[in-house]
Amino acid sequence: MKRINKKFFISTAIDYPSEKPHLGHCLEKIQADVLARYKRLQGFDVHFSTGLDEHGLKIQRRAQKAGKNPQEFVDEMSRYFKNLWKILNISNDDFIRTTEKKHIKVVQKVFQKIYEKGDIYKGKYKGLYCVDCESFYLPKDLVDGKCPIHHKSPESIQEESYFFRMNKHQEALTRYIKENENFIIPGSRRNEILKRLSESLQDLSISRKTVKWGIPLPTDKKFSLFVWIDALINYFTTIDYPNKKFKKFWPVDVHIIGKDIIWHHSVIWGSLLLSLGLPLPKTILVHGFITSGGQKMSKSLGNVIDPFELIEKYGTDPVRYFLLREISPTEDGDFTYEKFEKRYNADLASGLGNLVARVLTMAEKINSKRKTQSAKLQLKAQNLVKKEIDKTWENYKNTFERFKFNETLGTIWKLIGFCDRYIEQERPWDKSERQLSVINDLLFCLNEIAKLLQPFLPETAEKIFKQLKSKKGKPLFPRLGD
Ligand SMILES: [Zn+2]
């Protein structure tokens, strides 16, 4: 029996359910799912968490507008998210909602701890607040007086507030980021954060007096906790802070997040962890945004891609494939139906699907011709083929460990291309003396391809394994539109 002694904790950010999920929400979950499945296959004990960030002023206002109380509103939204992850085959171990009782308890416990360390004090806050970001801005960080992300004027707020001594941890945090090259991936994002840290950090206002839809401070119930602190602590709740499971899984191995929330995860979260005397995340992996036809998805432009419709039309694995293959894991990417269908036809229908059908057809033919010998999956292959497979696995692992999912898929498709060429060169249909060994090689390759695909396209991998064991089935990916 394989002994499991290694742990792997991976999280996505938790989504803000002020509206239904769109395609942009999917990328991060798929990336995390692929890593979680990969590590499970390697024998790691994996904890994979995702969920919803349900407090804050924006939710409070959206609910009001919809004529609902905030809890009703988020309960309803949560169903869309949960359902989407189910149909996208996301293998998360937990779906954490920040309105859960267990989370509220953990948040208050963590606040109390930081308070006791002397890292929280009361003062007065005067500043600019973007409701959509749920973040304060300094005038210098605005673009033409507007939030750089939402292009809206922030609200001016003045109130009594509790502050977290972020400045106190600036030096230790900066040192940590400098010493740990993989703390923020890609390096360009790490440099941006280091650049911002070259200026003196302001202490962070962490309470709101006017926001009712939040977690009350255990030390002063007139205030609710700044929604970001509440949200970040979900990474503790999901592994049962401060108990046994927490001790096993903390620090997190990978936080996967979008490029708009790097500061919150590296600097705010990092400082909180330093205050608590706990190790920092090993890696924060940052992805870009998905545009639609080169433009930001927006209702007014009518270019919002509904993931439910997309999956309904093309299936789960093609959507997973497109997002992982077409879009660089750490850059912005673009979606169009044209690009999607092109990838589908070229890589899935013609590439993978065609190879599987072709090899299995040949194997079945040869089996019906020769009664005594049969083309059956064997656990060996000829040297040339063996070499190609070894090379593929090596590149696969290398790129996987560096989170270059698009390149990892590229190595699998190189092996598919190799098989196509091998068939053309060997022409197993007219060289009867080598027919059997060539087809066995190809069957062996298909089995390896299915193994390589497992974390990426789990359903497809399963179908290939099944067809190898019994017989050729329906085409994996019927061609589109011709
Ligand atoms: Zn904003």
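## A helix pair

Helix α15 covers residues 405–426 and helix α16 residues 432–453; they pack at an angle of about 170°, with axes 10 Å apart. Here an axis is a line fitted to C-alpha atoms, for helices over the stretch in contact, and angles run from 0 to 180 degrees between N-to-C directions. Helices (H or I, at least four residues) and strands (E, at least two) are DSSP runs, numbered from the N terminus.

On the α15 side, Ile412, Leu415, Ile416, Cys419, Tyr422, Ile423 and Glu426 meet Arg434, Val438, Leu442, Cys445, Ile449, Leu452 and Leu453 of α16. Contact means C-beta atoms, placed from the backbone, within 7 Å. These residues divide into 12 nonpolar, no polar and 2 charged. In this count Ala, Val, Leu, Ile, Met, Phe, Trp, Tyr, Cys and Pro are nonpolar, Asp, Glu, Lys and Arg charged, and the others, Gly among them, polar.

## About the model

A quick word on provenance: this is a predicted model, in which local features need pLDDT of at least 70, side-chain atom pairs count only at pLDDT 80 or more, and totals for chains, interfaces and linings use all residues. Residues are numbered from 1 along each chain as its sequence is written.

## The nonpolar core

The largest nonpolar core has 122 residues, of which Leu232, Cys445, Leu446 and Ile449 touch the most other members. Such a core is a set of buried Ala, Val, Leu, Ile, Met, Phe, Trp, Tyr and Cys residues joined through C-beta atoms within 7 Å; buried means that 20 or more other C-beta atoms lie within 10 Å of a residue's own. Beyond its neighbours within four places in sequence, Leu446 is in contact with Val356, Val359, Ile464 and Leu468.

Pairing requires at least two DSSP bridges between strands. Strands β4 (residues 120–130) and β6 (residues 155–164) are joined over 10 bridges, and Gly123 has Ser161 in β6 as its bridge partner.

The other open sheet has 3 strands, ordered β9-β11-β10 and antiparallel. Edge strands β9 (207–208) and β10 (216–217) each have a single partner strand, so one side of each lacks a neighbour in the sheet. In β11, Ser224 is the bridge partner of Pro216 and also of Arg208. A hairpin through 2 residues joins β10 to β11.

Note on methods. Two residues are in contact if their C-beta atoms, placed from the backbone, lie within 7 Å. A residue is buried if 20 or more other C-beta atoms lie within 10 Å of its own, exposed if 12 or fewer, and partly exposed in between; C-beta atoms are placed from the backbone.
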